[in-house]
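Let's take a walk through the packing and the charged pairs of this model. Have the viewer open as you read.

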Amino acid sequence: MNETPLDVVLALGGGAARGLSHVGIIRVLEQHNVRIRGIAGTSIGAIVGGMYCAGSLDEYEAYSRKIDAKRMLRMLDPVIPRSGLLGGSRVVNKLADFVGENVIEDLPLPFCALATDLKTGEEVILEEGSLVEAIRASFAIPGIFTPTKIDGRWLVDGGVSTPVPIRAARALVPHVPIIAVNLNNADLVFEGEMINMLDASEEERELGRIERLMNRMRSSGDRRPGLLTSISDSVTHMEHRIARFQIAADNPDLLLEPAVYGIGLFDFHRADAIIQAGVDCADRAVEDSALDHLVAKARRHKLRPHWPHKKGKKGKR
């Protein structure tokens, strides 16, 4: 890599526990003189991106590497199934432990979280107000987490409209290369060690039971798809298709796709292996000279950060 720092903006996609691989990718980029000037994040991408822009990624990574299945179980707060199976308040409280009462416009780096208007299906870019509230809206997976109301609109997971927020990243800091991370490539299956349920702890087995319970709740006895199956499976397939189209249309300067397909929704207690999948993905980009090519492209086009003047935003960061 060149000694001159490469300025980039990250577009971090959604994918529940798979998104811990974002942490590994960021660490490799930092090691190779890549200077992150802003992040747009969807769902787990909003969590990791928000932590980075708030200066709390080190603490979040350390916590993630310590969490076990028992702690993960404690983070789940089932509610009477109405608009979602989980309330999400325990997750929100833990996120607040890391970032406090930070508001987005006061963060050291530009950041936005992507959510979806439940009524219209429109993309909603959250770039002002409470960081924690924006992240909570962005990860509200339909049927799993209850929606969040912001400015009179009920919001759900940003992946419904924008699985990989490339356009939002490009608008965040114009004239800077975009590195996008897509977690939805079904051809890139997770290569880490899979848990053998015969050897698993009671807590790990309980997490598996919760996912199986959700599956039973989602299907009727005659195998006909139930309501939650129709909603959540349709959303999953839609996100995969939308991601492919958006990546082709929005054309990031570099696309990274870690091998994380098959990781469970609640597998956050497997952080070490998932983060390593991100490290492996970014290392391959380095070995394939993808970062060197990005540096050359930035030089040719004289790409430098240009800070848009927005109400409530700092002029230059």
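## Around leucine 126

Start at leucine 126: setting aside neighbours within four places in sequence, this residue is in contact (heavy atoms within 4.5 Å) with Ile104, Phe111, Cys112, Ala113, Ala115, Ala134, Ala137, Ile150 and Leu155. A quick word on the ground rules: this is a predicted model, where local features need pLDDT of at least 70, side-chain atom pairs count only at pLDDT 80 or more, and totals for chains, interfaces and linings use all residues. Residues are numbered from 1 along each chain as its sequence is written, and side-chain values use heavy atoms, leaving out hydrogens and water.

## The nonpolar cores

A nonpolar core here is a set of buried Ala, Val, Leu, Ile, Met, Phe, Trp, Tyr and Cys residues joined through side-chain atoms within 4.5 Å. Buried means under 20% relative accessible area, exposed over 50%, and partly exposed in between (1.4 Å probe, protein chains only). The largest core has 73 residues, and Leu10, Tyr60, Phe111, Leu126 and Ile179 touch the most other members. Helix H10 (residues 271-287) supplies the largest share of this core, eight residues. There's also a second, separate core of 16 residues, with Ala40, Ala168, Ala169 and Ile178 among them.

Helices (H or I, at least four residues) and strands (E, at least two) are DSSP runs, numbered from the N terminus.

## One face of H5

Now look at helix H5 (residues 89-99), whose buried residues are Val91, Val92, Leu95, Phe98 and Val99. Down the axis of H5, these buried residues fall within an arc of 115 degrees (taken from the directions from the helix axis to the C-beta atoms), so they line one face of the helix. After H5 comes glycine 100, with a positive phi near 60 degrees.

## Salt bridges

The structure holds 11 salt bridges, each a side-chain nitrogen of Lys or Arg within 4 Å of a carboxyl oxygen of Asp or Glu. In one of them, aspartate 7 meets arginine 37 at 3.2 Å, N to O. Aspartate 7 sits in strand E1 (residues 6-12) and arginine 37 in strand E2 (residues 34-42), so the bridge ties together parts 30 residues apart in sequence. Both aspartate 7 and arginine 37 are buried.

Lysine 297 and aspartate 253 pair up too, at 2.5 Å, N to O. Lysine 297 is partly exposed at 26% relative accessible area, and aspartate 253 is partly exposed at 23%. Finally, Arg27, Glu30, Asp58, Glu61, Arg65 and Asp272 are linked in a network of salt bridges.
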